[in-house]
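Keep the sequence and the model side by side as you read.

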Amino acid sequence: RTNPGSDDLKAIFAKALKEATYHLEHAEGWVLRLGDGTDVSHTKMQDAADAVWPLLTELCSAAPEVEQRVRTQLADILTAATLTVPTATASTQRGEHTPHLTELLDEMQSLAREHEGATW
């Protein structure tokens, strides 16, 4: 064995790929159900797609070479769900949290702040 721990890394990557595939299939199923569901669910899914589409550039910033593949795969799913593929360009938000995320992070971090030095 030339790389100590390479078997461990292979096992970790195999599990991560399995988990990511599962979550992708699960999310795709819900987009299809909701996008092609009631008028209300369709509208909410379209609004959500329109809101997050511009953020894909930032999401893929660590690996910009995959952005077009991600956009193509998502466009295929949205189309299958009878949703319109958004045309918005990249967001100028770059690293700024929305008020909704800031509130959520504050709540999630409150316990750790109350018990500094605790190990979980």
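The paragraphs below go from the model itself to one helix, its surroundings and the loops at its ends.

What you see is a predicted model, in which local features need pLDDT of at least 70 and side-chain atom pairs count only at pLDDT 80 or more, while totals for chains, interfaces and linings use all residues. Residues are numbered from 1 along each chain as its sequence is written, and side-chain values use heavy atoms, with hydrogens and water left out. The pLDDT is the predictor's confidence in each residue, from 0 to 100. Its mean over the protein is 88, and 92% of the residues reach 70 or more.

Now find α4, residues 67-80. Helices here are DSSP runs of H or I with at least four residues, numbered from the N terminus. How far apart are the end C-alpha atoms of this helix? They are 20 Å apart, which agrees with the 20 Å that 14 residues should span at 1.5 Å a residue; the expected span is 1.5 Å times one less than the number of residues.

Next, look at which way the side chains of α4 point. Its buried residues are Glu-67, Arg-71, Ala-75, Ile-77 and Leu-78. Seen down the helix axis, these buried residues fall within an arc of 165°, so they line one face of α4. The arc is taken from the directions from the helix axis to the C-beta atoms. On the face turned away from the buried side sit the exposed residues Arg-69 and Asp-76. Buried means under 20% relative accessible area, exposed over 50%, and partly exposed in between, with a 1.4 Å probe and protein chains only.

What does the buried side pack against? Its partners are α1 (6-35), α2 (39-52) and α3 (56-59), where contact means heavy atoms within 4.5 Å. The largest nonpolar core has 10 residues: Val-31, Met-45, Ala-49, Trp-53, Leu-56, Ala-75, Ile-77, Leu-78, Ala-81 and Leu-83. Such a core is a set of buried Ala, Val, Leu, Ile, Met, Phe, Trp, Tyr and Cys residues joined through side-chain atoms within 4.5 Å. The largest share of this core, three residues, comes from α4. Not counting residues up to four places away in sequence, Trp-53 touches Arg-71, Leu-74, Ala-75, Leu-78, Val-85, Pro-86 and Ala-88.

Glu-67 and Arg-71 meet through their side chains in a salt bridge, 2.9 Å from N to O. The rule asks for a side-chain nitrogen of Lys or Arg within 4 Å of a carboxyl oxygen of Asp or Glu, and by it the count comes to one salt bridge. Because Glu-67 and Arg-71 are four residues apart in α4, about one helical turn separates them. Glu-67 counts as buried at 15% relative accessibility. Leaving aside neighbours within four places in sequence, Glu-67 is in contact with Leu-56, Thr-57 and Cys-60.

Finally, visit the loops. Glu-65, in the loop between α3 and α4, is exposed, with a relative accessible area of 62%. Thr-82 lies in the loop between α4 and α5 (99-114) and is partly exposed at 44%. Although Thr-82 is not a glycine, its phi is positive, about 60°. Most residues other than glycine have a negative phi.

How values were computed. Helices (H or I, at least four residues) and strands (E, at least two) are DSSP runs, numbered from the N terminus.
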